[in-house]
Amino acid sequence: MLDHEQVVVRSGRRSRLPVIVAVHSTALGPAAGGLRLWHYPDWRDGLTDALRLSAAMTAKFAVAGLPSGGGKAVVALPEGMVLDPDRRRDVLEDVADTVESLGGTYATGPDVGTGPDDMAVIGTTTRHVFSRPARLGGSGDSSPHTARGTLAALRAVSRRLYGTASLDGRRLAVAGLGRVGTELARLLAAEGAALTVTDVDQDKRKTGHELGADWVAPDEILAAPVDIVVPAALGSCLTRQSVTRLRCDAVVGPANNQLATPDVADLLHRRGVLWVPDYVASAGGVVHAVSVEVHRLSAEEARARVDAIEHTVTDLLTTADAQDLSPAQAATALVRQRLAAADPAGRSA
Ligand code: PPY
C-alpha cells in the first residue's frame with residue numbers, strides 16, 4: 001500500500017540524476033523536509049529512503065505540535081560519484097524545478113549532504129525552501145537547533161532515569177561527528193559529560209580530541225559501557241543484532257530513521273533500554289526553521305519551542321508509563337491522534 005499522498009521521481013533535466021520528492025502527508029499543513037544528497041547502491045534505495053524519511057517528517061511535526069506536513073527530497077548519487085561545483089548547481093536547480101512544480105505542497109530544506117548554501121541556490125528558483133543563509137532572509141544552519149533540541153530530549157531522559165536534568169558527569173556515546181553530532185558533543189562536553197565518540201571519517205579524531213572525548217571504532221560505539229547512546233549519523237543503526245549488544249540505559253539521538261525495522265523498538269523496550277523515537281528527539285532544526293520562517297517568531301521564541309522538546313519527551317514518557325506502552329508506541333498513538341483530529345476522514349492516519 002502506498003501511504004504517501006504523492007511521490008515524484010524525475011530524471012533531472014540538467015544532471016540526469018534521479019530526483020525524488022516524497023510528500024507523505026499534508027493533513028496538518030504544507031509538507032516540509034530536507035533534501036538528502038547522498039550515495040546509494042541503486043536509485044531505488046534512495047526512493048525507499050525518501051518514503052521512510054518523509055513519513056518520519058509527518059510524525060516529527062505531529063509530535064512537535066506544528067501545522068506542517070511530512071515530505072523529503074532525495075537525489076540518489078551513484079556510489080563514488082563526486083559532484084564538482086557546476087554539477088552540484090545542476091543538481092540543486094533540478095531539485096528546485098521539482099519543488100517549484102509542486103506549487104507549495106512541499107518545501108525543502110537541509111538534510112544529510114546539504115546545507116544553507118545549497119538552499120540559497122534552490123532559493124533562486126523557488127520560494128519553497130527553508131534554512132537559506134540569514135543574509136538572504138532565511139533562518140540559516142538548522143544543525144545547532146537540532147543539537148539543542150536533542151539536548152532537551154536528553155535532559156528529559158536524564159531526569160527520568162537519574163532524577164536530574166543535568167548531564168554533568170553523565171557518560172554518553174555520540175555516534176557520528178557531522179554537523180549535528182559535533183555541536184551536540186560540544187554542548188555535552190561544556191556541561192561536564194564524559195564522552196565517547198566515533199565517526200566513519202578518521203579525520204574527526206581531532207574533533208574528538210578537542211572535546212576531551214574517548215575515541216572508539218564505529219562498530220564499537222553502540223556497545224560502549226555508557227549511560228546513554230546518542231545516534232547522530234545515518235539511519236538503521238539499531239538492528240536486532242546491534243540492540244542485543246547495548247550496555248546503556250537509553251538511546252536518544254538526532255539521527256533520522258534509527259530503527260532498521262519497526263520491531264526493534266519492541267526489542268529495545270523488552271531489554272529495558274529507553275528509546276526516544278528519533279522523530280521526537282531530532283525535531284529542533286525543523287521546529288526552529290518553521291517557527292522563524294513561517295510563523296515569524298523571534299529567535300528567542302523559536303529557541304523556547306526547541307527547548308520545549310524537553311516537556312514533549314517528559315509527557316511522552318509519562319503517558320507511556322501510565323498506559324503501559326513503550327515510548328515508541330505512545331509516540332505512534334500521539335501521531336495518529338493528531339492526524340485524525342486534523343483529518344477526521346482518516347485519509348492520512
Ligand atoms: C529533518 O528534520 O529531518 C529535516 O528534514 C531538516 C529540516 C530543517 C529545516 C527545514 C526543513 C527540514
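The backbone nitrogen of Ala 27 lies 3.1 Å from a polar atom in the side chain of Ser 25, a polar contact (a pair of N or O atoms within 3.5 Å; within protein, one must be able to donate a hydrogen and the other to accept it, and residues adjacent in sequence count only if both atoms are side-chain atoms). Ser 25 belongs to strand E2 (residues 18-25); strands (E, at least two residues) and helices (H or I, at least four) are DSSP runs, numbered from the N terminus. With a relative accessibility of 1%, Ser 25 counts as buried. Here buried means under 20% relative accessible area, exposed over 50%, and partly exposed in between (1.4 Å probe, protein chains only). The model is a predicted one, in which local features need pLDDT of at least 70 and side-chain atom pairs count only at pLDDT 80 or more, while totals for chains, interfaces and linings use all residues. Residues are numbered from 1 along each chain as its sequence is written, and side-chain values use heavy atoms, with hydrogens and water left out.

Thr 58 sits in helix H1 (residues 43-64) and is buried, at a relative accessible area of 2%. Although Thr 58 and Gly 71 are 13 residues apart along the chain, their C-alpha atoms are separated by 7.2 Å.

We can now turn to the ligand. Of the 14 residues around the ligand, those that come nearest are Gly 34, Lys 60, Lys 72, Pro 110 and Asn 256, where being near requires a heavy atom within 4 Å. A backbone N or O atom of Gly 34 lies 2.7 Å from a ligand oxygen atom.

The protein chain is assigned domain 1 (6-58 + 69-134) and domain 2 (143-282 + 314-333), with bounds that come from an automatic or database domain assignment. Their C-alpha centres lie 27 Å apart. Eleven residues from domain 1 and eight residues from domain 2 make up the contact.

In soluble globular proteins, nonpolar side chains tend to be buried together. A nonpolar core is a set of buried Ala, Val, Leu, Ile, Met, Phe, Trp, Tyr and Cys residues joined through side-chain atoms within 4.5 Å. The largest such core has 57 residues, and Leu 154, Val 157, Leu 188, Leu 195, Val 252 and Val 313 have the most contacts inside it. Helix H4 (residues 143-162) gives the most to this core, namely seven residues. Domain 1 and domain 2 each supply at least three residues to the core. Among the neighbours of Leu 195 are Leu 172, Val 174, Ala 185 and Asp 214. A second, separate core of 23 residues includes Leu 17, Leu 35, Leu 37 and Ile 122.

Finally, the structure holds zero disulfides, a disulfide being a pair of cysteine sulfur atoms within 2.5 Å. The sulfur of Cys 237 is 11 Å from the closest cysteine sulfur, in Cys 248, and therefore too far for a bond. Cys 237 is partly exposed, with a relative accessible area of 22%, whereas Cys 248 is buried, at 9%.

Notes
Contact = heavy atoms within 4.5 Å. Lists of a residue's contacts leave out its neighbours within four places in sequence.
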